[in-house]
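Hi there,

Here is the structure I promised to pass on to you. Have a look at it first, and then read on for what I found in it.

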Amino acid sequence: MSQAHPPEPGDPGSPQDMLDAVGTPGELRQLLNAEGVDDGVVEQFVAEIGVDPVLDRIFGLMGTRLVPGKAGGDGGVVQWEIRTPEGDRTYQLAIADGRAEGRRGAPGKPRVTLRMSLPHLLRLCAGELNGVTAVMTGKIKISGDMMFAAKMQSWFDYG
């Protein structure tokens, strides 16, 4: 009997290939809504690829989903503090002039700071978790400009 082994990058269906195929919130939603996927499965999937490559991908895509007309002239820098099995990670999303750019690291002076677990971040980005509801239920903690945080969710395309 042969031993089963996890797929290697480049094999169809490897975790890295599945991540590489995610380019929209809808594609992320498909992964998160697959049968049997819960927070534990999400964390195991991320662990197989690595937390940093997954977060780099998510924050890189975030900027592509901004709908400039919805933000109008508003903007600011959002600090994201993400709890992961490998420890906390800090990212930022700078929104200005109809553009958004996500990257690693803390900004000098964020307008708002959001704290959440990695699975909650992924569900938020997939449009599966409503930010206001998540704050009310304690899944997301906010400090700073709460009105900005509440408005910001509507500036992104979750299709």
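Let me start with a question: does Arg123 count as buried or exposed? Please bear in mind that this is a predicted model. Arg123 has a relative accessibility of 18%, and because the cut-off for buried is under 20%, Arg123 counts as buried. This arginine lies in helix 6. Leaving aside the neighbours within four places in sequence, Arg123 is in contact with Leu32, Val37, Asp38, Asp39, Val42, Glu128 and Leu129.

**Helix 6**

Just after helix 6 comes Gly127, with a positive phi of about 80 degrees.

Two packed helices are described by the angle between their axes and the distance between the axes.

Helix 4 (residues 51-62) packs with helix 6 (residues 118-125) at an angle of about 30 degrees, and their axes are 12 Å apart. Because angles under 35 degrees count as roughly parallel, helix 4 is roughly parallel to helix 6. Their crossing is left-handed. From helix 4, Leu55, Ile58, Phe59 and Met62 meet Leu118, Leu121, Leu122 and Cys125 of helix 6. Sorted by kind, the residues of this contact are 8 nonpolar, no polar and no charged.

With helix 3, the axis of helix 6 comes within 9 Å, and the two cross at roughly 95 degrees. Helix 3 and helix 6 are therefore roughly perpendicular to each other. On the helix 3 side, the contact is made by Asp39, Val42, Glu43 and Val46; on the helix 6 side, by Leu118, Pro119, Leu122 and Arg123. This contact divides into 5 nonpolar, no polar and 3 charged residues.

Then there is helix 2, whose axis is 8 Å from that of helix 6, at an angle of about 130 degrees. Helix 2 and helix 6 are therefore oblique to each other. Pro25, Leu28 and Leu32 of helix 2 make the contact with Leu122, Arg123 and Cys125 of helix 6. Here the residues divide into 5 nonpolar, no polar and 1 charged.

**The nonpolar core**

Which residues of the largest nonpolar core touch the most other members? This core has 40 residues, and the answer is Trp80, Ile95, Leu114, Leu121 and Met152. Two or more residues each come from helix 2 (25-32), helix 3 (39-49), helix 4, strand 1 (76-83), strand 2 (89-96), strand 4 (112-117), helix 6 and helix 8 (146-152). Helix 4 gives the largest share, 7 residues.

Leaving aside the neighbours within four places in sequence, Met152 is in contact with Val78, Trp80, Ile95 and Leu114.

**A few residues elsewhere**

Asp97 is found in the loop between strand 2 and strand 3 (99-104). Its phi is near 55 degrees, a positive value in a residue other than glycine. Most residues other than glycine have a negative phi. Asp97 is exposed, with a relative accessible area of 78%.

Asn130 is found in the loop between helix 6 and helix 7 (131-136). At 38% relative accessibility, this asparagine counts as partly exposed. Apart from its neighbours within four places in sequence, Asn130 is in contact with Leu124 and Gln153. The C-alpha atoms of Asn130 and Glu27 are separated by 18 Å, and these two residues are 103 residues apart along the chain.

Gln44 and Thr137 are 93 residues apart along the chain, and their C-alpha atoms are separated by 25 Å.

Best wishes

Terms used
Residues are numbered from 1 along each chain as its sequence is written. This is a predicted model: local features need pLDDT of at least 70, side-chain atom pairs count only at pLDDT 80 or more; totals for chains, interfaces and linings use all residues. Side-chain values use heavy atoms; hydrogens and water are left out. Axes are lines fitted to C-alpha atoms, for helices over the stretch in contact, and angles run from 0 to 180 degrees between N-to-C directions. Helices (H or I, at least four residues) and strands (E, at least two) are DSSP runs, numbered from the N terminus. Angles under 35 degrees count as roughly parallel, over 145 as roughly antiparallel, 65 to 115 as roughly perpendicular and the rest as oblique. A crossing is left-handed if the near helix is turned anticlockwise from the far one by less than a right angle, and right-handed if clockwise. Contact means heavy atoms within 4.5 Å. Ala, Val, Leu, Ile, Met, Phe, Trp, Tyr, Cys and Pro count as nonpolar, Asp, Glu, Lys and Arg as charged, and the others, Gly among them, as polar. A nonpolar core is a set of buried Ala, Val, Leu, Ile, Met, Phe, Trp, Tyr and Cys residues joined through side-chain atoms within 4.5 Å. Buried means under 20% relative accessible area, exposed over 50%, partly exposed in between (1.4 Å probe, protein chains only).
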